[in-house]
Structures are given as structure tokens and as C-alpha cells.
There are 2 protein chains.
Amino acid sequence: MKPNGMMTIGEAAARSSVPPKTIRFYEEAGIIKPAARTENHYRVYSDADVETLRFVQRARMLGFPLKDVAELLELYHDRKRASREVKKLALKHVAALDRKLAELTAMRNTIAVLAERCQGNDRPACPILAELGATEH
Amino acid sequence: MKPNGMMTIGEAAARSSVPPKTIRFYEEAGIIKPAARTENHYRVYSDADVETLRFVQRARMLGFPLKDVAELLELYHDRKRASREVKKLALKHVAALDRKLAELTAMRNTIAVLAERCQGNDRPACPILAELGATEH
DNA sequence: ACTTGACCTTCCAGTTGGTGGAAGCTTTAC
DNA sequence: GTAAAGCTTCCACCAACTGGAAGGTCAAGT
């Protein structure tokens, strides 16, 4: 564990697992505060900034949209937050994931069933194309 | 059932459930062949074109990426195709869907577990934020 | 001292699959 | 006759980055 220190974007990237390009993008997008600069315009990051970046990274890995990540970050830094707000965002995201899962599962099963019925040989007959080309539903 | 007839993009859109904008986009993207034109530059569609659009629409509803839709369409119009090719595309897509499903399911479960442990009240304590802000993995 | 390579900076383009709107021409309906 | 509806093209925008070009800076090696 190194003590507090300022670092360049490259090191902050290495420590947070967020690539430099993405850090700049988050800054531009208003997800994180603009970094301080050295006299030669290099961005400078503190350990606290790295923590923030890690937070963003974890939230993204859980699939939260960036807008929600920004809100979560605000709540994270607000000592007077109500956990109700956080839970609301989390449950909203779970609901969105459930919708997406249902959609993808339906697709997957439809195609898998069709593929199973397809011979997969040299001949043209194919239930997959037949289904896609069906005139009637 | 109307007999064969030429129609404008609006009617083709209505019959195929693919909006005019999207039809033009598919043409621009090379998914479908450029439509014939009248002397006043209006696009003209035949019943066969509508069939093609419906094919594209169904393939998209099953989540096939546009590139794969283009390939499927080519196979669909090739009487000498091997169903092997079609099946290969279908199984590749099933595999992609399975990967996505695994990813989303993992996200969903992680967040659901965290949310369950969150009181969701006025107070700031929150396992969701705690997890996102965790210094150690 | 100088050069090379690895950083950093900004800006622009591309990705995927469309959607919305502006500006302008036709055609249709009243 | 005129206005609404529908057609045309082109440009911009959504998410969430990623890649590359052009140029500035800095540390190390010779």
C-alpha cells in the first residue's frame, strides 16, 4: 500500500482498471469531476480519485447505465443519503435486466429449437429460413 | 390479398412493419438492394421486396446482427445453399446469446442479493454502495 | 547533448441499429 | 387553389466507449 500521492492518468488507469481514454470520456461526460492539472496540462489524480474510478468501474460491471452511475456516485459521496434512493436505483436496474433476460431467452430458445430441426448438411431445406421467410405468422 | 403491385415506401413499411426510415437505412447499409425509382425519384417496392423486408424484420426480432441478417438473406435467396451455413450462423448466435445471458444473469443476481440486504430506509447505511466502494475485492 | 520511446494532450471518426428533425419537392384531397 | 400528407436528402443524436492522428513533454540511454 503506497501512501497518498498524486499520479498521472496512466497510473490512475492502471490502479482503477479504467483505461485512460475511458477516464477522459467519463470526465467529458460529467460522470466524474474534471481532474486537476499540472502546469503542463497533464491531469493529476489522487488516491481518492482512484477510489471513485473503481466505484464507477464496479457499477459499470454490474451493468448500471452511466446516468445511474452518476447518481450512485452522488449518493455514495453524500453522508446524509437515504439508502431508499440507492435501493430504488438497484431495483430499477434489476427490473431492466429481467426484461432484457426475458427477451434474450425467448430469442435463444426460438433459434435453438429451429436450429435443432435443421439438418445442417449440403441441402437447401432449412426450417430456420422457412420460419424467417414465412408469409403467415 | 392484393395481387402483385408496386407501392411506395410508406405502404411497404406498413406491410412489412419496418418503418420508412429504417428501410432507407437498410438500403444505405447494404442489407437490401437499392429500390427501383419512379421518374420523380420515389422508391418503388414490389410484393417480393416486402417479403424481403419481413424476413429482415423477423431476423432482427430474433436478435441477429445486421451483418448476419445480410448473410441469411443471401442464403435465403440462394436455391443452392447448404443448410449447414444457415445452421452455423444460428448456432453462433445462440452461443452469443448464451454468453450475454450468463453475463446479465450474473449482474442481476449480484444486484438482487445486494438490494435484498439493503434496508431501503432514511438511513445512509447501504450494502450496495459498500460493495461498489469496497477497497478490497 | 541528443535522440528515442513512452507518456501526455486534443480532436475526429467509427462502432450498432436505428430515430428525429429540417429543408424542399410531389401528389392527393377538399 | 391551397394545404396536408408523403416523398426526397442530409445531418444530428442515443450508449459507451475505442482507435488513430497530430503534437507537446519527459526520462533514460548512448
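## Contacts within chain A

In chain A, 44% of the contacts with a separation of 6 or more are between residues 24 or more positions apart. Two residues are in contact if their C-beta atoms, placed from the backbone, lie within 7 Å.

The model is predicted: local features need pLDDT of at least 70, side-chain atom pairs count only at pLDDT 80 or more, and totals for chains, interfaces and linings use all residues. Residues are numbered from 1 along each chain as its sequence is written, while chains are lettered from A and ligands numbered from 1 in the order in which they are written.

## Overall form of chain A

Six helices and two strands are found in chain A. Their order along the sequence is α-α-β-β-α-α-α-α. Helices (H or I, at least four residues) and strands (E, at least two) are DSSP runs, numbered from the N terminus.

The radius of gyration of chain A is 23 Å, whereas a compact globule of 137 residues would have one near 14 Å. This radius is taken over C-alpha atoms, and the globule rule is 2.2 Å times the number of residues to the power 0.38. The C-alpha trace of chain A spans about 70 × 40 × 30 Å along its principal axes. Chain A is divided into domain 1 (1-63) and domain 2 (82-137), with bounds that come from an automatic or database domain assignment. Between the C-alpha centres of domain 1 of chain A and domain 2 of chain A there are 37 Å.

Of the 137 residues in chain A, 27% count as buried. A residue is buried if 20 or more other C-beta atoms lie within 10 Å of its own, exposed if 12 or fewer, and partly exposed in between, with C-beta atoms placed from the backbone.

Which residues of α1(A) are buried? They are A:Ile9, A:Ala12, A:Ala13 and A:Ser16. Seen down the axis of α1(A), its buried residues fall within an arc of 105°, so they line one face of the helix. The arc is that of the directions from the helix axis to the C-beta atoms. The cover over the buried residues of α1(A) includes α2, β2 (43-44) and α3 (47-61) of chain A. Just after α1(A), A:Ser17 has a positive phi of about 65°.

## Where chain B meets chain A

46 residues of chain B are in contact with 46 residues of chain A. On the side of chain B that touches chain A, at least two residues each come from α3 (47-61), α4 (66-77), α5 (83-116) and α6 (127-133) of chain B. The most come from α5(B), with 21 residues. By class, this side of chain B has 26 nonpolar, nine polar and eleven charged residues. Ala, Val, Leu, Ile, Met, Phe, Trp, Tyr, Cys and Pro count as nonpolar, Asp, Glu, Lys and Arg as charged, and the others, Gly among them, as polar.

B:Gly120 lies in the loop between α5 and α6 of chain B. Leaving aside its neighbours within four places in sequence, B:Gly120 is in contact with A:Ser83, A:Arg84 and A:Lys87. B:Gly120 is partly exposed, because 18 other C-beta atoms are within 10 Å.

## Residues around the DNA strands

A residue is near a strand if its C-beta atom, placed from the backbone, lies within 6 Å of it. DNA strand D is surrounded by 17 residues, the closest being A:Pro65, A:Leu66, B:Thr8, B:Gly10 and B:Arg43. In the surface near DNA strand D, α2(A) has the largest share, three residues. This surface has seven nonpolar, five polar and five charged residues.

Around DNA strand C there are 16 residues, and the closest are A:Thr8, A:Gly10, A:Arg43, B:Pro65 and B:Leu66. Two or more residues of the surface near DNA strand C come from each of α1 (9-16) and α2 of chain A and α2 of chain B. Here α2(B) gives the most, with three residues. The surface near DNA strand C divides into seven nonpolar, five polar and four charged residues.

## Two loop residues of chain B

B:Ser17 is in the loop between α1 and α2 of chain B. Although B:Ser17 is not a glycine, its phi is positive, about 65°. B:Ser17 counts as exposed because it has 12 C-beta neighbours inside 10 Å.

B:His41 is in the loop between β1 (36-37) and β2 (43-44) of chain B. B:His41 is not a glycine, yet has a positive phi of about 75°. With 6 other C-beta atoms within 10 Å, B:His41 is exposed.
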